Protein chains: 2
Amino acid sequence: MAQRIVLLTEGHTSIYYAKTAYSVLRYRAEEVVALLDTQEVGKTAGGLLGVGGDVPVVGDLGDVPDADTLIIGIGVHGGKLPEVMRGHLLKAVERGMTVISGLHEFLSDDADLAAAAEHSGAHLWDVRKNHEHEVAEGRGFEDGCYRLHTVGQDCSVGKMIVSVEVSRALAGRGLSSKFVATGQTGIMVEGDGTPIDTVVADFINGAAEKLVLRNQHHDVMCIEGQGSILHPSYSSVTLGLLHGCRPDGLILCYEAGRTHVKGLDHIALKSLETYRALYESLASEMHPCRVVGVGMNSRRLDDAAFEAEKRRVGEALGLPVADVVREGAGVLADAVERAIRDRQPR
Amino acid sequence: MAQRIVLLTEGHTSIYYAKTAYSVLRYRAEEVVALLDTQEVGKTAGGLLGVGGDVPVVGDLGDVPDADTLIIGIGVHGGKLPEVMRGHLLKAVERGMTVISGLHEFLSDDADLAAAAEHSGAHLWDVRKNHEHEVAEGRGFEDGCYRLHTVGQDCSVGKMIVSVEVSRALAGRGLSSKFVATGQTGIMVEGDGTPIDTVVADFINGAAEKLVLRNQHHDVMCIEGQGSILHPSYSSVTLGLLHGCRPDGLILCYEAGRTHVKGLDHIALKSLETYRALYESLASEMHPCRVVGVGMNSRRLDDAAFEAEKRRVGEALGLPVADVVREGAGVLADAVERAIRDRQPR
């Protein structure tokens, strides 16, 4: 059922922080009635984030009396709730709205919010809350389903968007294709998935394996990646997912022009070749796997720079390169279709 | 303060399952009064596990009226409580004993046990329970402390024991050396540490980093490793620890004669060279690091086979090899001392 969604981005309405708001606007635009940020009242989603067109920014929930759902629209390093958001949240709960959060700090663990929800009947959905507790066993994978996995040079380079767009492009060609969400935003977009970065350590690989095993009836899975294999904070999540989901093919995602780890400016990123080699070798020790294409996030580049970067990276890696936001997912979907055709019978 | 410990190993008193009992017997033998297993009554710890000498196996807690502490002495894949242990546990709690568990299933979450403990005043210590929630930031490491980390080809190959023994050997040579425990058994032996495999995914690297940063006043840290970088179930834990603790040197641990992943007989182990290359490359992308020695677990080998294996592996890898249980930690401590001397000033 369609919802009437307010995206809470108080003090954080920029593409750097408002990753969740951006994706909900991109994939569920018709359900979004407003952004909520007292700092940007009167502006539009399109103007601030480049998606969502005329969706307005309001400064108070009272301005959108028919909204029934509030989604916390940001992702922050460490997943804590910014204090500036508390007042809005409490109002939404008191109004009996459904409140959806992808933060590590669970709304349902907050005494004030939980008490208010109890009183108003508001539903608090902590997307990251999970009870995964199965270890991976490395069996049960079927050959009929091609497992594509997006991996990256860093966080927030577009792995989720590439996964969604390639999955939709393949579906448009008549394949049964499933976007398999592994993060809070992907789950909000798709309606199901597993918040892999919030699973207890021993069960990360197992949670990924279970997620894949229950989607094997499709022709293709496009499994959202997380973090990076050399991310100082999150590499464990990345490897658990890579090993747990046993991919056949990878799309390597990066943001052109980014030189350092997002949020950790003292740590330089390595070359794309380094990441490609690590991902392919670590994955292939479990199951034959290769990178089939590169997903570029070119938001910082003008057209000329974009074309030059695409040529440079394509030649260096010998792989098709595309920015799915700028030019659609056709080139990468072609690469996946070729990989499916070329796959050796096992 | 010394305790009077009963090790609960009901139905699992073998070296395969009773890893925790083995290590407590090895390092806190003087505090252990009995093993508890109705299947093995009248035998001794030494006879069944090869450590603990004459410590007897009893079939009922009533046989050891002066015991004040019960430790669940096993580690099982997935960390669930075997049903056969429940009756003993409840009796221990009703008697007001301190009950220590390293399982994933927390005793304090079990309604019956929690109620009994409330009534008797028994202390339930779930060693794996933690509230780690800091992300790694990759800074604050000091050059004055050499960070040694044990890594392995599989689970249960001896990483904890190598860490303890090398640390003790270095301490015996006048260095300030700290065994840094990262698993439930290590924590029971050392009295502090972080149960890294039970941390929420996003905070694994951060928990490892924090653990290291607070021990830097020592000359050397011997940081216990977990799992293996190619373990189908636990590789995420391994990488988070490797990246979070920024080792200078590694000791590669394995069990001679083991061919398949413990508990997953359909998955073959790779060559030691494969693991060495992966560990060195993944660690060195964060901080210069190399393997300085090999810790062999040779429990399946007779003396001749042991010597042959040691020669073979030593020549293949060009590294010192030793079984610390069989021959002491001198050879590996020598290797660490050389590595400390050879370290380039940074």
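In helix α4 (residues 111-120) of chain A, the buried residues are A:Leu113, A:Ala116 and A:Ala117. Looking down the axis of α4(A), these buried residues fall within an arc of 100°, so they line one face of the helix. On the face of α4(A) turned away from the buried side sit the exposed residues A:Ala111, A:Glu118 and A:His119. As for partners, the buried residues of α4(A) pack against α3 (86-94) and β6 (124-126) of chain A. Bear in mind that this is a predicted model.

Take α1 (residues 19-28) of chain A: 8 of its 10 residues are buried, so it is largely enclosed by the rest of the structure. Those buried residues are A:Thr20, A:Ala21, A:Tyr22, A:Ser23, A:Val24, A:Leu25, A:Tyr27 and A:Arg28.

Over in chain B, helix α7 (residues 204-213) is mostly covered, with 8 of its 10 residues buried. The buried set of α7(B) runs B:Ile204, B:Asn205, B:Gly206, B:Ala207, B:Ala208, B:Glu209, B:Leu211 and B:Val212. So what covers them? From chain A, the cover includes α7 (204-213) and α8 (235-245), and from chain B it includes β7, β8 (177-180), β9 (220-223) and α8.

The biggest contributor is β7(B), with 4 residues. Sorted by class, the lining of the largest cavity has 3 nonpolar, 7 polar and 1 charged residues.

Setting aside neighbours within four places in sequence, B:Leu332 is in contact with B:Val162, B:Val166, B:Ile251, B:Gly293, B:Val294, B:Gly295, B:Pro320, B:Ala322 and B:Val324. B:Glu280, by comparison, is 52 residues from B:Leu332 in sequence and 18 Å away in space, C-alpha to C-alpha.

Then there are the arginines at position 246. Most residues other than glycine have a negative phi. A:Arg246 has a positive one, near 45°, and B:Arg246 also has a positive phi, of about 45°. Here is where each one sits.

| Residue | Location |
|---|---|
| A:Arg246 | loop between α8 and β10 (249-255) of chain A |
| B:Arg246 | loop between α8 and β10 (249-255) of chain B |

Are these arginines buried or exposed? A:Arg246 is buried, with a relative accessible area of 6%, and B:Arg246 counts as buried at 6% relative accessibility.

Finally, a note from the records. An unreviewed UniProt entry places the feature "domain: D-glutamate N-acetyltransferase-like C-terminal" at residues 135-332 of chain A. In the model, the end C-alpha atoms of residues 135-332 of chain A lie 33 Å apart, and the span is 39% helix and 20% strand.

Methods: Residues numbered from 1 in each chain as written. Chains lettered and ligands numbered in written order. Predicted model: local features only at pLDDT ≥ 70, side-chain atom pairs only at ≥ 80, totals over all residues. Heavy atoms only, no water. Helix = DSSP H or I, 4+ residues; strand = E, 2+ residues; numbered from the N terminus. Nonpolar A, V, L, I, M, F, W, Y, C, P; charged D, E, K, R; others polar. UniProt positions renumbered as here; feature names shortened; annotations may be inferred. Buried < 20%, exposed > 50% of the residue type's maximum accessible area, 1.4 Å probe, protein only. Arc of directions from axis to C-beta. Contact = heavy atoms within 4.5 Å.
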